[in-house]
Amino acid sequence: MNKFQLPIQIRWSDMDQNRHLRHTAYYDYGAMVRIACFSERGLTNGRLEELGIGPILFREEAIFRREIRFEDAISVDVQVTKATHDFARWSLCHRFYKADESPCAVINLDGAWIDLRIRKLTIPNKDVQSIFAGFPRDDSFRWEESRSPITPA
């Protein structure tokens with residue numbers, strides 16, 4: 001399976017009063033893995049700043065399957081599940097696993113690119129499209145049609 005995956009060191013501050021991982025920590029870990037995947041492939045914070053664009057989320061949904069405790073060794077992956085052909089809009093999936101590969105949670109999200117100068121959705125340039133085209137894809141990946149006109153970067 002084609003995926004980008006990182007081990008996660010659980011912090012005590014990520015625990016809730018029930019002694020398991022608090023719900024917002026899942027989103028934090030997903031964001032950390034997502035941005036690490038972007039950076040490793042050349043979409044570093046500096047490069048995105050040069051281009052004047054950034055990723056923006058429309059929806060982020062967690063599905064919890066097994067509790068994660070402080071002592072658990074976990075990893076989180078990221079894969080693209082759908083995208084428009086110009087990668088102006090995309091959906092990603094993060095899966096959380098314990099060391100024995102048992103699934104703990106899934107985060108599904110929908111996103112796009114925003115032009116940070118004019119604060120409007122944009123189509124990324126060909127370089128960004130090429131990089132994003134090489135991101136790991138879920139087995140269920142599908143192409144989507146563009147929904148609305150967006151200004152190219």
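Tutor: We shall discuss charged side chains, and then a helix. Please note that this is a predicted model.

Student: How many salt bridges does a search of the whole structure find?
Tutor: The search finds 14 salt bridges.

Student: Which residue meets Arg-22 in one of them?
Tutor: The partner of Arg-22 is Asp-14, with a distance of 3.0 Å from N to O. Side chains of opposite charge can pair when their charged atoms come close.

Student: Is Asp-14 buried or exposed?
Tutor: Asp-14 counts as buried, because its relative accessibility is 0% and buried means under 20%.

Student: And where is Asp-14 placed?
Tutor: Asp-14 lies in the loop between strand S1 (4–8) and helix H1 (23–40).

Student: What else does the side chain of Asp-14 touch through polar contacts?
Tutor: The side chain of Asp-14 makes a polar contact of 2.8 Å with that of Arg-11, and another of 2.5 Å with the side chain of Tyr-29. Leaving aside neighbours within four places in sequence, the residues in contact with Asp-14 are His-20, Leu-21, Arg-22, Ala-25 and Tyr-29.

Student: What about Glu-40 and Arg-41?
Tutor: Glu-40 and Arg-41 form a salt bridge, and their closest N and O atoms are 3.4 Å apart. Glu-40 is exposed, with a relative accessible area of 57%, whereas Arg-41 is partly exposed at 26%.

Student: Which residue does Arg-142 meet in a salt bridge?
Tutor: Arg-142 meets Glu-144, at 3.0 Å from N to O. Arg-142 is partly exposed, with a relative accessible area of 44%, and Glu-144 also counts as partly exposed, at 21%.

Student: Turning to H1, which of its residues are buried?
Tutor: The buried residues of H1 are Ala-25, Tyr-26, Tyr-29, Gly-30, Val-33, Arg-34, Cys-37 and Phe-38.

Student: What do they pack against?
Tutor: They pack against S1, strand S2 (53–64), strand S3 (74–84), strand S4 (89–98), strand S5 (103–115) and helix H3 (126–133).

Student: How far apart are the end C-alpha atoms of H1?
Tutor: They are 27 Å apart.

How values were computed: Residues numbered from 1 in each chain as written. Predicted model: local features only at pLDDT ≥ 70, side-chain atom pairs only at ≥ 80, totals over all residues. Heavy atoms only, no water. Salt bridge = Lys/Arg side-chain N within 4 Å of Asp/Glu carboxyl O. Buried < 20%, exposed > 50% of the residue type's maximum accessible area, 1.4 Å probe, protein only. Helix = DSSP H or I, 4+ residues; strand = E, 2+ residues; numbered from the N terminus. Polar contact = N/O pair within 3.5 Å; in protein donor to acceptor, adjacent residues only side chain to side chain. Contact = heavy atoms within 4.5 Å. Expected span 1.5 Å × (residues − 1).
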